[in-house]
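Me: I would like to learn how to read this model feature by feature. Where do we start?

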Amino acid sequence: MRSWMWGGLVVLSVVSDGTRTELGAQESEEVAALITQVLEAYGGAEALDTVRAYTMRGIVHPRQRRTPAPVLRVFQRPGQLAVRIDYQDRFEARVVDQSRGWRSTSQGTPTEVTGPLLAAMELQAARAELPWILDRMHDSAVPIPAPSDAPNLLGLELPLGEGLALQVFVDPATHYVVRSVGSLAMGGMATSFGAVYSDHRMVAGVVFPFREETTASGVATAMTVVTEIELNPVLEEGTFHPR
């Protein structure tokens with residue numbers, strides 16, 4: 001069993017050979033206190049609870065394409081996410097409805113996906129649920145070590161089941177989530193999807209990051225700059241199903 005310092009607390013509960021030890025009472029209190037501080041930083045539990053869904057528009061700058069593209073994300077708690085990116089020559093759409101997902105492009109009809117492709121979309125939906133997912137899964141959250149390049153951050157891991165986990169890293173000065181890592185271990189394949197969040201702003205009483213830089217297995221994939229967020233939009237029937 002390893003141990004490390006976490007916010008001034010010596011943590012003994014770790015993942016070892018896939019088995020997680022139980023948290024002690026003090027560790028559980030520290031985790032609960034951190035989650036409460038995060039929720040307060042994002043506007044408070046009461047304000048966050050009023051948000052059942054949001055739309056997010058912005059510009060994505062893919063690392064493998066020269067031309068930025070408009071992106072639209074529609075999210076509804078819990079676990080429903082629709083994403084559309086309109087490139088110059090085609091569009092790409094992804095829809096996940098909790099345990100089902102579909103992908104489509106301008107060259108074909110929506111196709112249901114399973115396995116690692118679906119798991120990656122589930123991880124994206126989990127990231128879109130930050131910080132709400134911390135409140136929803138607070139009983140499952142466990143402390144984890146900070147990244148080696150940012151030892152001041154406070155880490156939490158949320159097990160999402162079937163080889164999926166979401167790690168979040170909190171800035172102790174602002175209590176914003178400034179990084180997340182979604183890990184996928186399935187069918188002999190292991191990969192990770194990282195995100196760095198910045199430019200936090202308040203929208204109708206709730207804080208959102210307006211800049212996101214993503215990676216896949218440590219390789220930079222895109223930077224997204226958010227231009228507009230709408231809370232609790234009227235959603236069309238079938239928003240989270242293939243069209």
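Reply: Val196 is partly exposed, with a relative accessible area of 37%. Buried means under 20% relative accessible area, exposed over 50%, and partly exposed in between (1.4 Å probe, protein chains only). Val196 sits in strand 15. Helices (H or I, at least four residues) and strands (E, at least two) are DSSP runs, numbered from the N terminus.

Me: What kind of model is this, and how are residues numbered?
Reply: This is a predicted model: local features need pLDDT of at least 70, side-chain atom pairs count only at pLDDT 80 or more, and totals for chains, interfaces and linings use all residues. Residues are numbered from 1 along each chain as its sequence is written, and side-chain values use heavy atoms, with hydrogens and water left out.

Me: Which residues is Val196 in contact with, leaving aside neighbours within four places in sequence?
Reply: Contact means heavy atoms within 4.5 Å. On that basis Val196 meets Val178, Arg179, Arg211, Glu212 and Glu213. Val181 is 15 residues from Val196 in sequence, and their C-alpha atoms are 9.0 Å apart.

Me: How many helices and strands does the protein have?
Reply: The protein has 4 helices and 17 strands. Of its 243 residues, 45% count as buried. Take contacts between residues at least 6 apart in sequence: 44% of them join residues at least 24 apart.

Me: How do strand 15 and strand 16 run, parallel or antiparallel?
Reply: Two strands pair if DSSP finds at least two bridges between them. Strand 15 and strand 16 run antiparallel, joined by 10 bridges. Phe193 stands opposite Ala216 in strand 16. The two strands form a hairpin with 2 residues between them, and Ala204 in the turn has a positive phi of about 50°.

Me: How many bridges join strand 16 to strand 17?
Reply: There are 6 bridges, and these strands run antiparallel. Arg211 has Val225, in strand 17, as its bridge partner. This hairpin has 2 residues between the strands, and Ser217 takes a positive phi near 50°.

Me: Where else is there a positive phi in a residue other than glycine?
Reply: Most residues other than glycine have a negative phi, and most peptide bonds are trans. Glu162 has a positive phi, near 50°. Glu162 lies in the loop between strand 12 (154-161) and strand 13 (164-170), and counts as exposed at 73% relative accessibility. Gln98, also not a glycine, has a positive phi of about 60°. Gln98 is in the loop between strand 8 and strand 9. Gln98 is partly exposed, with a relative accessible area of 45%.

Me: Which residue does a cis peptide bond join to Leu130?
Reply: Pro131 is joined to Leu130 by a cis bond, with omega about 5°. Pro131 is in the loop between helix 3 and helix 4 (132-136). The bond from Arg77 to Pro78 is cis too, with omega near -15°. Pro78 lies in the loop between strand 6 and strand 7.

Me: How much space lies in the largest pocket?
Reply: About 820 Å³. It has 30 lining residues, and Glu92, Arg94, Gln124, Thr214 and Thr221 are the closest to its centre.

Me: Is Arg94 buried or exposed?
Reply: Arg94 counts as buried, at 13% relative accessibility. Arg94 is in strand 8. A polar contact of 2.5 Å joins its side chain to that of Glu92. A polar contact is a pair of N or O atoms within 3.5 Å; within protein, one must be able to donate a hydrogen and the other to accept it, and residues adjacent in sequence count only if both atoms are side-chain atoms.

Note on methods: On a 1 Å grid over the protein atoms alone, a cavity is a set of points where a 1.4 Å probe fits but cannot get out, and a pocket is an open set with protein on both sides within 12 Å along at least five of seven lines; lining residues have an atom within 4 Å of a point. Grid points are joined across faces, edges and corners, and a volume is the space filled by probe spheres set on the points.
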